[in-house]
Amino acid sequence: MTRPPLPPFTEETARQKVRAAEDGWNGRNPAAVAQAYTPDSVWRNRSEFLKGRSEIETFLTRKWEKEREYRLIKELWAFTGNRIAVRFAYEWHDHEGNWFRSYGNENWEFDEGGYMSARHASINDLPIDESERKFHWPQGRRPDDHPELSDLGL
């Protein structure tokens, strides 16, 4: 089985892959998102190191229990062969109603079938007032006409 688009990436197919990842994460379904990765995928997310779909699914379940009303935008930064680099920002609030905008960069590597075999993420959280939010679409997929990070000055 394959998960198109497949490497080697062009600018168009790299953008498609980035948007597919964004859409998946905005769906906030840990089991579905984990299927985009190889069974032995390795991750570094902040200071956590994960291996395999099971650990990824557990991590994402915990993440989205903490990060409420999660909305994410990913933007292509660079690509070559079977690798893609993205920058991203997402907004969320904790159980107490405190809002954050998290900024980060990810480096991705894909196998020949289009599954992500490695993900390295560096992320910083910035507390924001609810009035400073920029991501207001309904939960789920970001509308096609919504501004991207560069358009928002992020």
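**View 1. Eight aromatic residues gather in one cluster.** W25, Y37, W43, F59, W64, Y70, F88 and Y90 form one aromatic cluster. This is a predicted model, in which local features need pLDDT of at least 70 and side-chain atom pairs count only at pLDDT 80 or more, while totals for chains, interfaces and linings use all residues. Residues are numbered from 1 along each chain as its sequence is written, and side-chain values use heavy atoms, leaving out hydrogens and water. In total, the structure holds 11 aromatic pairs (rings of Phe, Tyr and Trp, the last by its six-membered ring, with centres within 6.5 Å).

**View 2. W25 and W43 are a stacked pair.** Their ring centres lie 6.0 Å apart and their planes meet at 20°, so the pair is stacked (planes under 30 degrees apart). The partners come from distant parts of the chain, 18 residues apart: W25 belongs to helix α1 (residues 11–27) and W43 to strand β1 (residues 37–45). Helices (H or I, at least four residues) and strands (E, at least two) are DSSP runs, numbered from the N terminus. W25 is buried, at 5% relative accessible area (buried means under 20%, with a 1.4 Å probe and protein chains only).

**View 3. Y37 meets W43 edge-to-face.** Here the ring centres are 5.1 Å apart and the planes stand at 70°, so this pair is edge-to-face (planes over 60 degrees apart). Both residues are buried, W43 with a relative accessibility of 3%.

**View 4. Charged side chains sit over two rings.** The charged end of R119 lies over the ring of W43, 4.2 Å from its centre. K74 is over the face of F88, 5.0 Å from the ring centre. To count, NZ of Lys or CZ of Arg must be within 6 Å of the ring centre and within 35 degrees of the ring normal.

Technical notes
Buried < 20%, exposed > 50% of the residue type's maximum accessible area, 1.4 Å probe, protein only.
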